Each structure stands twice: as C-alpha cells, then as structure tokens.
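This note is written for a colleague who is meeting the structure for the first time. The points below are numbered and may be read alongside the sequence and the model.

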Amino acid sequence: MGKPSKVNQSGSSDFFLLGLSEQPGEQPLLFGIFLGMYLVTMVGNLLIVLVISSDAHLHTPMYFFLANLSLTDACFTSASVPKMLANIHTHSQAISYSGCLTQLYFLLMFGGLDNCLLAVMAYDRYVAICQPLHYNTAMSPQQCAIMLCVCWVLTNCPAMMHTLLLTRVAFCAHTVIPHFYCDPSALLKLACSDTHINELMIITMGLVFLAIPLMLIVFSYVRISWAVLGIPCSGGRWKAFSTCGSHLTVVLLFYGSLMGVYLLPPSTHSAERERRAAILYMVVIPMLNPFIYSLRNRDMKEAMGKLFGGGKAVFLL
C-alpha cells in the first residue's frame with residue numbers, strides 16, 4: 001500500500017471546512033442566525049469601546065481593560081465567523097492553505113488575549129478589594145499599559161511560533177476539517193509528517209493561555225472571598241461582590257466552554273460536541289459580554305445616556 005500523498009505547501013492547496021451542517025436546506029437559516037449574532041457582537045462590543053473612550057468618568061483601570069476585552073472579543077469573532085458566512089453564502093467549503101494558517105494565528109492570539117485580559121481584570125478586582133490603599137499605585141496608567149503590553153507579547157509570540165511550526169508540517173491529500181474554522185488539533189490529525197513539536201507547542205499554549213490565567217483568576221477570587229467574608233456589614237459584602245459579578249459570570253461561561261472542549265477525556269470527544277462548545281466561546285460569549293457588563297452597571301448606563309444625548313441606550317438596556 002503506497003504512502004498517502006501530501007499537499008503542496010506553497011499555498012496552492014485548499015482545506016475544506018465542513019461547517020456546522022452539511023444539509024443544504026439548513027444553510028439559509030444558519031446564515032441568518034450567525035449573521036445576526038455577528039452583527040450584534042460587533043455593534044455591542046464596539047459600542048462598549050466607544051462609550052468608555054468618550055466618558056472621562058470611565059477612564060479607570062477596570063474600564064480600560066473592559067474596553068480592551070470588548071475590542072478583543074470583536075476581533076476574536078471576526079477571525080472565524082465572516083469566513084464561515086462567506087462559505088455558506090457561496091456554497092463553498094474551501095479555505096486556502098495560507099488563509100487557514102492566518103485564521104489560526106488570529107484565533108490563537110485573540111483567544112489567548114481574552115484569557116490574559118480576564119486574568120488582569122481579576123487582579124484589578126483583587127487589588128481594589130483586598131489592597132485598596134495600594135490601588136492607585138498598583139493600577140496606575142503606566143502599570144496598566146505595561147500589563148496590556150505583556151498580555152499582547154505573551155499571546156502573540158506563542159501564536160506566531162505555533163503557526164510558523166505548522167508551515168513545516170506536510171498534510172495528506174485528505175484535507176477535510178470537521179469544524180467551521182481551522183482547529184489546530186484537527187489540522188494535526190491531517191498531517192503526514194512528524195508533529196511531536198507541534199503537539200508540544202499546543203500543550204505549552206494550553207499552559208500559557210488557559211492554565212496560568214485560570215490559576216491567577218482562582219487565586220484572586222479566593223483572596224477576594226476571604227476579604228469580603230471578613231466585612232461585618234452584609235450590605236458592604238454585597239457591594240464588594242457586586243463589583244465582581246459581571247466578570248465572574250464571563251469567566252465561568254468562557255472557561256466552562258473551553259474545558260468542555262479541551263479537558264474532557266478523549267473518549268468523550270465528538271466533532272458535534274466540539275463544534276457546539278466552539279460556538280459558545282467563539283460566538284455566543286463575545287455576543288453576550290456587552291450585555292453582561294452593561295445591564296447592571298450604573299456607570300455604563302449613565303455614560304450611554306450621555307453619549308446618546310440624554311436618551312436611553314435601549315440597545316443594551
């Protein structure tokens with residue numbers, strides 16, 4: 001039996017994304033649903049950025065990182081959904097070799113940046129609640145800028161390295177990916193050459209993008225819980241916890257869906273389950289974030305009212 005043929009890595013070969021469904025009758029419905037979700041995601045997240053940047057009262061560390069999180073969410077979703085919509089509209093499943101690697105790079109970078117920003121936001125709440133006297137020093141504009149730059153470096157370098165390492169991999173002629181985006185694990189299953197370095201890189205990125213930020217978040221909230229439970233007044237405890245509610249909701253949704261993909265035993269994995277989890281953390285959660293951070297936030301409501309000339313920001317409220 002001959003060896004499997006390999007694709008030409010010059011970029012002339014295509015991968016084929018199976019998408020969310022192979023049933024032709026379901027494609028118009030899927031296109032309408034995901035186009036609507038994408039538009040809501042973009043408008044909601046960019047509105048958060050606009051509101052925060054236009055109101056001086058929101059120029060604080062917490063809202064600085066929220067604006068960056070919203071911008072990252074918009075970019076994260078834009079790395080996959082437009083291509084999926086284009087494929088549905090054109091009745092095509094193809095994505096070029098270079099397009100697949102480019103999409104993979106941006107998904108890894110913005111997905112990792114999401115994790116880092118959630119960790120930094122947890123640290124911000126920890127300092128505000130547990131060390132309020134040091135808050136102005138620990139979260140000064142210079143320190144915030146440094147933390148943001150560190151997040152960009154920590155996510156960009158591994159994402160770029162993993163993408164460059166994939167250029168050394170030879171893929172078999174069967175280049176069908178059972179997802180709506182270029183999933184790194186699915187890509188390696190199509191390889192005809194050695195992928196040990198690439199698999200090691202995925203483990204490394206899992207530590208950098210998932211494990212370390214999650215440990216920092218858990219540590220921050222453990223310390224916050226101890227500090228808040230020590231407040232004698234129940235009203236004071238509620239006020240302290242209320243400043244963390246939106247962030248904690250996003251953390252639980254985001255990491256819960258990621259763990260549903262990457263931390264379950266291999267025997268429980270299925271393409272359908274992975275697609276559903278990917279939709280949750282790549283499409284649904286970025287769409288919900290503006291609502292989660294705005295519905296119970298008086299400062300955001302007031303800023304939106306000012307932005308719209310004193311009217312009510314009915315989109316998010």
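1. Phe171 is buried in this predicted model, with a relative accessible area of 0%. Its ring forms an aromatic pair with that of Phe15. The geometry is edge-to-face, with 5.2 Å from centre to centre and 90 degrees between the planes. Phe15 belongs to strand S1, whereas Phe171 sits in the loop between helix H6 (141–166) and S3, so the pair ties together parts that are 156 residues apart in sequence. Phe15 is likewise buried, at a relative accessible area of 2%.

2. A further aromatic pair joins Tyr105 and Phe106. This pair is also edge-to-face, at 5.0 Å centre to centre and 65 degrees between the planes. Tyr105 has 14% relative accessibility and therefore counts as buried, the cut-off being under 20%. Phe106, at 34% relative accessibility, counts as partly exposed. The count of aromatic pairs comes to 13.

3. The secondary structure of the chain consists of 12 helices and 3 strands. An open sheet of 3 strands has the order S2-S1-S3, and its pairing is mixed. Its edge strands are S2 (94–96) and S3 (176–177), each of which pairs on one side only. Helix H4 (residues 97–130) packs on the sheet and touches S1, S2 and S3. The direction of H4 makes about 85 degrees with that of S2.

4. The pairing within the sheet can be followed residue by residue. Strand S1 (residues 14–17) runs antiparallel to S2, and 3 bridges join them. Ala94 in S2 is the bridge partner of Phe16, and Ile95 in S2 stands opposite Phe15. S1 pairs with S3 in the parallel sense, over 2 bridges. On that side, Phe16 stands opposite Val176 in S3.

5. The largest nonpolar core has 92 residues. Among its members, those that touch the most others are Phe15, Phe34, Leu118, Ile177, Leu187, Tyr281 and Met282. H4 gives the most to this core, with 20 residues. Leaving aside neighbours within four places in sequence, Met282 is in contact with Phe76, Thr77, Ser80, Leu107, Phe180 and Tyr181.

6. For the chain as a whole, buried residues make up 46% of the 317 residues. Of the contacts with a separation of 6 or more, 76% are between residues 24 or more positions apart.

7. Glu272 lies in helix H11 (residues 271–294) and is partly exposed, with a relative accessible area of 35%. Glu272 and Ser21 are 251 residues apart in sequence, and their C-alpha atoms are 9.7 Å apart in space. Asp55 lies in the loop between helix H1 (27–54) and helix H2 (61–78). At 8% relative accessibility, Asp55 counts as buried. Beyond its neighbours within four places in sequence, Asp55 is in contact with Ala303 and Lys306.

8. The mean pLDDT of the chain is 85, and 88% of its residues reach 70 or more. Over residues 8–12 the pLDDT is below 50, and this stretch has 8 contacts in the model beyond near neighbours in sequence. The pLDDT also stays under 50 over residues 311–317, for which the model has 19 contacts beyond four places in sequence.

Conventions
Residues numbered from 1 in each chain as written. Predicted model: local features only at pLDDT ≥ 70, side-chain atom pairs only at ≥ 80, totals over all residues. Heavy atoms only, no water. Pairing = 2+ DSSP bridges. Helix = DSSP H or I, 4+ residues; strand = E, 2+ residues; numbered from the N terminus. Contact = heavy atoms within 4.5 Å. Axes fitted to C-alpha atoms, helices over the stretch in contact; angles between N-to-C directions. Core = buried A, V, L, I, M, F, W, Y, C linked by side-chain atoms within 4.5 Å. Buried < 20%, exposed > 50% of the residue type's maximum accessible area, 1.4 Å probe, protein only. pLDDT = per-residue confidence, 0-100. Phe/Tyr/Trp six-rings, centres within 6.5 Å; stacked < 30°, edge-to-face > 60°.
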